[in-house]
Amino acid sequence: MRTGLEVVTRFSEALHDNDMEQVRSLLHDNLVVREAGGLPYSGDYYGPQGFVDLLAAMNESLELTAGPIVRDVLSDDTIVSRFRLTFIARGSRSSAEMSLVELYRVADGRIVELDVYYK
C-alpha cells in the first residue's frame with residue numbers, strides 16, 4: 001500500500017500532467033473537497049466526478065499556475081501541501097497570486113478528503 005505522501009505526490013504530478021485517468025484513480029469514491037466561501041467555485045464537491053466538476057468550474061474563468069509545492073507529513077494519513085498559485089482571469093487578463101494550503105486525508109490508498117485554504 002502506498003503511503004499518504006506517495007498518494008498526494010502522485011496526485012499532484014497527475015494534475016500537472018493533465019492525466020485525468022490517473023487523477024481519478026487516486027480519488028476515493030467517498031471523496032469530499034471543501035473550497036472556501038466567497039469564490040465562484042465555493043462549496044463542497046463529492047466523489048471523483050465532483051473533483052472534475054470543481055476543476056471545470058475553476059478553469060472556466062481562470063488560468064491557474066502553481067509554484068513549487070512543499071509537502072509536510074502530519075501523520076500516516078494526513079498530508080499538507082503548501083504553494084503559491086497564480087490566478088489569471090480569462091476575460092480581463094488581470095491576475096492575482098496567493099499562498100494556498102491544502103490539507104489531504106488519505107484512506108485505502110486514495111484521497112478521501114481535501115480541504116483548501118487560501119491566504
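## Strand β6 and Val 101

Strands are DSSP runs of E with at least two residues, helices are runs of H or I with at least four, and both are numbered from the N terminus. Val 101 sits in strand β6, residues 95-107. The model is predicted: local features need pLDDT of at least 70, side-chain atom pairs count only at pLDDT 80 or more, and totals for chains, interfaces and linings use all residues. Residues are numbered from 1 along each chain as its sequence is written, and side-chain values use heavy atoms, without hydrogens and water.

Val 101 counts as partly exposed because its relative accessibility is 30%. Buried means under 20% relative accessible area, exposed over 50%, and partly exposed in between (1.4 Å probe, protein chains only).

## Largest pocket

The largest pocket has a volume of about 770 Å³. Closest to its centre, of 30 lining residues, are Leu 15, His 16, Leu 64, Ala 66 and Leu 85. A pocket is an open set of points on a 1 Å grid over the protein atoms alone, where a 1.4 Å probe fits, with protein on both sides within 12 Å along at least five of seven lines; lining residues have an atom within 4 Å of a point. The volume is the space filled by probe spheres set on the points, which are joined across faces, edges and corners.

Elements giving two or more residues to this lining include α1 (4-16), β5 (78-89) and β6. Helix α1 gives the most, with six residues.

## Phe 87

Phe 87 lies in strand β5. Phe 87 is buried, because its relative accessible area is 9%. Its C-alpha atom is 9.7 Å from that of Met 58, 29 residues apart along the chain.
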